[in-house]
Amino acid sequence: QVQLVESGGGLVQAGGSLRLSCAASGRTFSNYAMGWFRQAPGKEREFVAAITRSGGNTYYAESVKGRFTISRDNAKNTVYLQMNNLKPEDTAVYYCAARLMSWGVNPNYWGQGTQVTVPS
């Protein structure tokens, strides 16, 4: 089992920044590719960003490319999502996810989510 706990969400004005953190425990963190998803009210959960086990490769949804940065610290068992130039359409619950070995569909583990609100 891998436990994932997100933090860092909150309310921020449009154009502002937030950094989300996801702390992992339970298994060897560096064995897992990590990702972030989000779900806005009335919408399906969507992919935001992912990072490989070593951090050497990252992937982003087109809607956040150039504004969000995913990173990880394997020594701290933590993955981050730096979100800049936030927009009202970024309002959602953000979920951390872990997938054994390589990134792809159907992560193995999910966090409980953290709310990000950007008022219009």
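Here is a chat about the disulfide and the salt bridges in this predicted model.

Student: Before we start, what should I know about the model and the numbering?
Tutor: It's a predicted model, so local features need pLDDT of at least 70 and side-chain atom pairs count only at pLDDT 80 or more, while totals for chains, interfaces and linings use all residues. Residues are numbered from 1 along each chain as its sequence is written, and side-chain values use heavy atoms, with hydrogens and water left out.

Student: Okay, how many disulfides are there?
Tutor: The count is one disulfide, taking that as a pair of cysteine sulfur atoms within 2.5 Å.

Student: Which residues does the disulfide join?
Tutor: Cys22 and Cys96, with 2.1 Å from S to S. The pair links distant parts of the chain, 74 residues apart: Cys22 sits in strand E3 (residues 18-25) and Cys96 in strand E9 (residues 92-100). Strands (E, at least two residues) are DSSP runs, numbered from the N terminus.

Student: Are Cys22 and Cys96 buried or exposed?
Tutor: Both are buried. Buried means under 20% relative accessible area, exposed means over 50%, and partly exposed is in between (1.4 Å probe, protein chains only).

Student: Why is the disulfide called left-handed?
Tutor: The torsion about the S-S bond of Cys22 and Cys96 is about -80°, so it gets that label.

Student: New topic! How many salt bridges does a search of the whole structure find?
Tutor: Four salt bridges turn up. The rule is a side-chain nitrogen of Lys or Arg within 4 Å of a carboxyl oxygen of Asp or Glu.

Student: What does Arg38 pair with?
Tutor: One partner is Glu46, at 2.6 Å from N to O. Asp90 also meets Arg38 in a salt bridge, at 2.9 Å from N to O.

Student: Which residues are linked in a network of salt bridges?
Tutor: Arg38, Glu46, Arg67 and Asp90 are linked that way.

Student: And what about Glu62?
Tutor: Its side chain meets that of Lys65 in a salt bridge, 2.7 Å from N to O. Glu62 is exposed, with a relative accessible area of 62%, whereas Lys65 is partly exposed at 46%.

Technical notes:
Helix = DSSP H or I, 4+ residues; strand = E, 2+ residues; numbered from the N terminus.
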